[in-house]
Amino acid sequence: VVSLAAIAVSSDNIYKERQSNTISLLLSRPISRESIILGKGIGLTGAVGAPAVVAMLVGLILMIKGGETPRILAIGGYMVLGIVMIMTIVFLQLCFSIIARSGAESVVYGLGVWLLLTLVWTLIILATAFALGIDVTTENYEHNEEFQSVSTKIGLLNPGYVYQYGIGLAGERTLSVDLEGVTGWMVIWAVLFWPMFYWRLAVWLFNKERYL
């Protein structure tokens, strides 16, 4: 739900500014294009993150009242990584908003990204495992060590999966513990890499637009 909200608020952000020609006013100011994209990313993350943080806090309160008390590190990871996940998706969708040539095209891109990250991803994992010779038709194939290794490694490419791995790392794992082929260091790398990568990609696409 949070990923869909992040995509919804940022799906046509740049496109709307281009259509209303306010982008020209924005570019006339003495700020870099990197700062423009970064500012938009932080602002949109805040718009989605504020209610998300409230929901997280309510969830934690209910969990504690139910008798479960997570580690302080797990609580911190739960909150911080949630915001990082939202920011990653926002920057990814800003890339599509920049290249979109119509409002409908921007919305289609957004829905496509959400479907890819939430529904199609499982099919990608299954297809990859099958291509590598892993039998995914047997009962309890999910417990196959080879399949788990493939699944977790592909999961590093998905912000939602990275978020889950990060929570596991903060809650019960150490950096040296291996989770079916994914170490704690790999999770940290993915957490830091993806928002930075999509921010720089959005900046690169923004700079390529000649008519801006």
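## Briefing on the protein chain and helix α8

The protein chain exposes about 11,500 Å², and carbon and sulfur atoms supply 68% of that area. The model is a predicted one. Its secondary structure amounts to nine helices and two strands. The points below cover the chain as a whole and then helix α8.

**Overall architecture**

- In sequence order, the elements of the protein chain run α-α-α-α-α-α-α-α-β-β-α.
- Along the principal axes, the C-alpha atoms occupy a box of roughly 55 × 45 × 30 Å.
- Of the 212 residues in the protein chain, 41% are buried.
- Among contacts with a separation of 6 or more, 69% join residues 24 or more positions apart.

**Helix α8: length and capping**

- Helix α8 comprises 13 residues (residues 159-171) and, at 1.5 Å a residue, should therefore span 18 Å; the end C-alpha atoms are 18 Å apart, in agreement with this expectation.
- The N-terminal end of α8 is capped by Asn 158, which places a side-chain oxygen 2.9 Å from the backbone nitrogen of Gly 160.

- Helix α8 is mostly covered, with 10 of its 13 residues buried.
- The buried residues of α8 include the tyrosines Tyr 161, Tyr 163 and Tyr 165, as well as the glycines Gly 160, Gly 166 and Gly 168.
- Pro 159, Val 162, Leu 169 and Ala 170 are also among the buried residues of α8.
- The cover over these buried residues includes α5 (72-99), α6 (103-131), α7 (145-155) and α9 (184-208).

How values were computed. Residues are numbered from 1 along each chain as its sequence is written. This is a predicted model: local features need pLDDT of at least 70, side-chain atom pairs count only at pLDDT 80 or more; totals for chains, interfaces and linings use all residues. Side-chain values use heavy atoms; hydrogens and water are left out. Helices (H or I, at least four residues) and strands (E, at least two) are DSSP runs, numbered from the N terminus. Buried means under 20% relative accessible area, exposed over 50%, partly exposed in between (1.4 Å probe, protein chains only). Contact means heavy atoms within 4.5 Å. Accessible areas come from the Shrake-Rupley method with a 1.4 Å probe; for residues, only the protein chains shown count as cover. The expected span of a helix is 1.5 Å times one less than its number of residues. A polar contact is a pair of N or O atoms within 3.5 Å; within protein, one must be able to donate a hydrogen and the other to accept it, and residues adjacent in sequence count only if both atoms are side-chain atoms.
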